[in-house]
Amino acid sequence: MTSRRVLYIGGTGTISAACVRRSVAAGDDVAVLNRGSSRRPLPDGVRELVADVRDARAVQDAVGDAGFDVVAEFLAFTPDHVQQDLDLFEGRIGQYVFISSASAYEKPPRRLPVTESTPLRNPFWRYSRDKIACEDVLVGAHRERGLPVTIVRPSHTYDERLLPTLGGWTDIERMRAGKPVVIHGDGTSLWTITHSDDFAVAFTGLLGNPAAIGEAFTITGTHAPSWNQIYGWLADAAGVQHPDFVHVASDTIAAFEPELGPTLIGDKAHSMLFDNAKVTALVPDFRTTITFDEGARRILAHYDAHPDEQRVDADRDALFDRIAAHARSAG
């Protein structure tokens with residue numbers, strides 16, 4: 001098979017780093033475009049183009065006249081970000097892959113599992129609405145001018161550096177200190193959580209695939225534990241036998257900290273299950289191989305081996321004290 005020329009815009013994030021590794025392993029000629037600073041190292045052989053992706057002139061200078069079989073965009077969050085890409089790349093690429101978000105699907109969901117035909121509507125979270133607006137630009141360009149676009153919608157995707165809880169490492173420190181740890185709702189809602197290495201199998205299987213042009217794909221895997229299980233597996237991995245979990249309504253958490261409202265009420269507060277049949281029809285090797293019981297062990301092993309990354313957010317720590325005290329005083 002001829003080597004594909006793939007440009008990752010990003011390439012060192014939670015999801016994109018795994019995709020870059022998978023692309024390199026598949027024999028792709030891979031370049032990444034970013035600011036050149038990341039905790040995730042690039043594999044040998046990857047060309048690094050350094051530029052601020054928000055500076056159109058700097059991006060033009062870094063890319064030059066190069067053409068690519070695939071441009072995979074992980075750092076576009078608003079329509080103007082997408083338009084900058086189209087101004088630069090349209091007409092000289094074989095496929096433009098836009099990473100959208102499964103949070104764009106309607107909230108609350110009227111039926112499960114969510115499929116690609118589920119309406120896109122999230123009145124609670126600006127991030128999701130902006131992703132929808134990006135998709136609108138790209139779908140319009142495909143319909144009007146034949147832009148070879150593929151849209152990918154991941155849900156909660158993680159690696160060994162990304163804790164999925166409200167407080168991140170702060171929650172682990174609280175568990176180990178015997179302090180109450182806040183879980184939204186009653187902890188029984190189901191949450192699809194996908195390891196980035198699994199995601200990368202499906203993602204790279206779409207690159208250069210003619211059947212993916214003009215299509216949107218959910219990529220999430222099939223592993224959907226409850227939030228109680230997610231926090232419980234982290235406690236087990238952290239060596240905490242009797243964690244002090246406090247369940248608090250998402251609306252209450254949002255009242256204490258409005259910044260948390262959109263991601264809870266607009267996403268995590270709902271059970272989210274997805275049908276991946278569309279992507280697996282094109283990439284039959286894609287499946288869930290890493291469940292979060294194993295994922296939690298990998299996360300704790302990484303952080304325990306890197307004490308310099310164990311950062312406690314003092315503001316979030318104090319917030320959880322207030323929320324927990326309120327919840328217990330309210331009975």
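Helices and strands here are DSSP runs, numbered from the N terminus. With that in hand, let's look at some close-up views of this predicted model.

Figure 1. Is N34 buried or exposed? N34 has a relative accessible area of 7%, so it counts as buried, a label for values under 20%. Look for the side chain of N34: one of its polar atoms lies 2.8 Å from the backbone nitrogen of G36. Leaving out residues up to four places away in sequence, N34 touches G10, T12, E48, L49, V50 and A51.

**Figure 2. R4 lies in the segment before β1 and reaches the side chain of D28.** Strand β1 spans residues 5-9, and R4 belongs to the segment before this strand. R4 counts as buried because its relative accessibility is 14%, under the 20% cut-off. Which side chain makes a polar contact with the side chain of R4? The partner is D28, at 2.9 Å. Residues up to four places away in sequence aside, R4 touches A26, D28, D29, D69, T204, L207 and G208. Now follow the chain to L207: this residue is 203 residues from R4 along the chain, yet the C-alpha atoms of R4 and L207 are separated by 8.6 Å.

**Figure 3. Helices α1 and α6 pack at an angle of about 55°.** Two packed helices are described by the angle between their axes and the distance between the axes. In this view, α1 (residues 16-25) and α6 (residues 196-206) have axes 8 Å apart and an angle of about 55°. That angle makes α1 oblique to α6. The crossing of α1 past α6 is right-handed. From α1, the residues that take part are A18, C19, R21, R22 and S23; they meet S196, D197, F199, A200, V201, F203 and T204 in α6. Sorted by class, the residues of the contact of α1 with α6 are 6 nonpolar, 3 polar and 3 charged.

**Figure 4. Helices α7 and α11 cross at roughly 45°.** Here α7 (residues 227-237) meets α11 (residues 292-305), and their axes come within 8 Å. The angle of roughly 45° makes α7 oblique to α11. The crossing of α7 past α11 is right-handed. Which residues make the contact? On α7 they are I230, W233, L234 and A237, and on α11 they are F292, D293, A296, R297 and L300. The contact of α7 with α11 has 7 nonpolar and 2 charged residues, with no polar ones.

Figure 5. The bond that joins K107 and P108 is cis, with omega about -10°. The bond from L112 to P113 is cis too, and its omega is near 0°. Where is P108? P108 is in the loop between β5 (96-99) and α4 (126-145). P113 also lies in the loop between β5 and α4.

**Figure 6. A254 is a buried residue of helix α8.** Helix α8 runs over residues 250-256 and includes A254. A254 counts as buried because its relative accessibility is 12%, under the 20% cut-off. Its neighbours within four places in sequence aside, A254 is in contact with G261 and I265. Along the chain, A254 and L300 are 46 residues apart, and their C-alpha atoms are separated by 28 Å.

Methods: Residues are numbered from 1 along each chain as its sequence is written. This is a predicted model: local features need pLDDT of at least 70, side-chain atom pairs count only at pLDDT 80 or more; totals for chains, interfaces and linings use all residues. Side-chain values use heavy atoms; hydrogens and water are left out. Axes are lines fitted to C-alpha atoms, for helices over the stretch in contact, and angles run from 0 to 180 degrees between N-to-C directions. Helices (H or I, at least four residues) and strands (E, at least two) are DSSP runs, numbered from the N terminus. Angles under 35 degrees count as roughly parallel, over 145 as roughly antiparallel, 65 to 115 as roughly perpendicular and the rest as oblique. A crossing is left-handed if the near helix is turned anticlockwise from the far one by less than a right angle, and right-handed if clockwise. Contact means heavy atoms within 4.5 Å. Ala, Val, Leu, Ile, Met, Phe, Trp, Tyr, Cys and Pro count as nonpolar, Asp, Glu, Lys and Arg as charged, and the others, Gly among them, as polar. Buried means under 20% relative accessible area, exposed over 50%, partly exposed in between (1.4 Å probe, protein chains only). A polar contact is a pair of N or O atoms within 3.5 Å; within protein, one must be able to donate a hydrogen and the other to accept it, and residues adjacent in sequence count only if both atoms are side-chain atoms.
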